[in-house]
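Trainee: I've got the model open and I'd like to learn how to read it. Can we go through some features together?

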Amino acid sequence: MPVKPAVLEATSPFPDRESGENHGATNMLIGISPLLGPDLLHALRAMGHGDEIAFVDGNYPAAEHARRLIRADGIALEPMLRAVLGVFPVEAAYRAALNNDPAQAGAIHHQIDAILQHKNCAATPLSGDALYPRIRSAYAIVATSEPALFANVILRKAALSSPNP
């Protein structure tokens with residue numbers, strides 16, 4: 001039985017969109033989550049230091065507010081955020097708050113905080129008055145299918161230091 005080259009048959013270490021389980025799906029890029037489509041990868045790469053990208057829930061009017069809209073249909077916020085944080089340097093993070101009150105947090109906010117904490121980053125909860133204009137001015141908006149309310153996150157890109165020659 002011939003052995004297939006790993007480069008041509010790279011198995012994804014990332015979960016599938018619906019179940020969260022890894023079924024050995026073939027991936028087109030090694031080490032890049034299949035949740036990161038070409039439009040999103042392009043936006044992440046094109047962003048400069050200080051640019052912000054917003055990840056919004058399924059209720060957010062993303063098509064109306066986006067300068068650049070990236071659809072992530074069928075993908076919940078948590079797996080999308082984990083995939084992005086695997087390739088994206090974060091300088092700061094902001095998130096929605098339950099009922100637009102920064103003193104309140106729901107289950108989704110605790111999940112967001114835990115994911116960011118794992119990457120040594122903390123999300124600042126913002127009121128709706130502070131968050132929504134910031135989402136509108138983001139470099140891009142990624143519209144997820146997250147069903148939870150107030151499940152919106154903004155990531156600000158950090159600068160990467162250049163390697164020494």
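**Reading helix, sheet and loop**

Mentor: Helices (H or I, at least four residues) and strands (E, at least two) are DSSP runs, numbered from the N terminus. Covering rests on contact, meaning heavy atoms within 4.5 Å. Bear in mind that this is a predicted model, where local features need pLDDT of at least 70 and side-chain atom pairs count only at pLDDT 80 or more, while totals for chains, interfaces and linings use all residues. Residues are numbered from 1 along each chain as its sequence is written, and side-chain values use heavy atoms, with hydrogens and water left out.

Trainee: Which residues in helix α5 are buried?

Mentor: Buried means under 20% relative accessible area, exposed over 50%, partly exposed in between (1.4 Å probe, protein chains only). In α5, residues 128-136, the buried ones are G128, L131 and I135. Looking down the axis of α5, they fall within an arc of 75°, so they line one face of the helix. That arc is taken from the directions from the helix axis to the C-beta atoms.

Trainee: And R67, buried or exposed?

Mentor: R67 counts as exposed because its relative accessibility is 52%. You'll find R67 in the loop between α2 (62-65) and β2 (69-72). Leaving aside neighbours within four places in sequence, R67 is in contact with R136, S137, A138 and Y139. A polar atom of the R67 side chain lies 2.9 Å from the backbone oxygen of S137. R67 and I135 are 68 residues apart in sequence, yet 9.8 Å apart in space, C-alpha to C-alpha.

Trainee: How do I read strand pairing around β3?

Mentor: Two strands pair if DSSP finds at least two bridges between them. β3 and β6 run antiparallel, joined by five bridges, and R95 stands opposite V153 in β6. With β4 (residues 123-125), β3 pairs in the parallel sense over three bridges; there, A93 stands opposite A123. From β3 the chain crosses through α4 to β4, a right-handed β-α-β crossover. Right-handed means that, with the strands pointing away from the viewer, the path from the first strand over the helix to the second runs clockwise.

Trainee: What does H109 touch?

Mentor: H109 sits in helix α4 (residues 107-118) and counts as buried, at 0% relative accessibility. Not counting residues up to four places away in sequence, H109 touches R95, A96, A97, L98, L149 and F150.

Definitions and conventions:
Polar contact = N/O pair within 3.5 Å; in protein donor to acceptor, adjacent residues only side chain to side chain.
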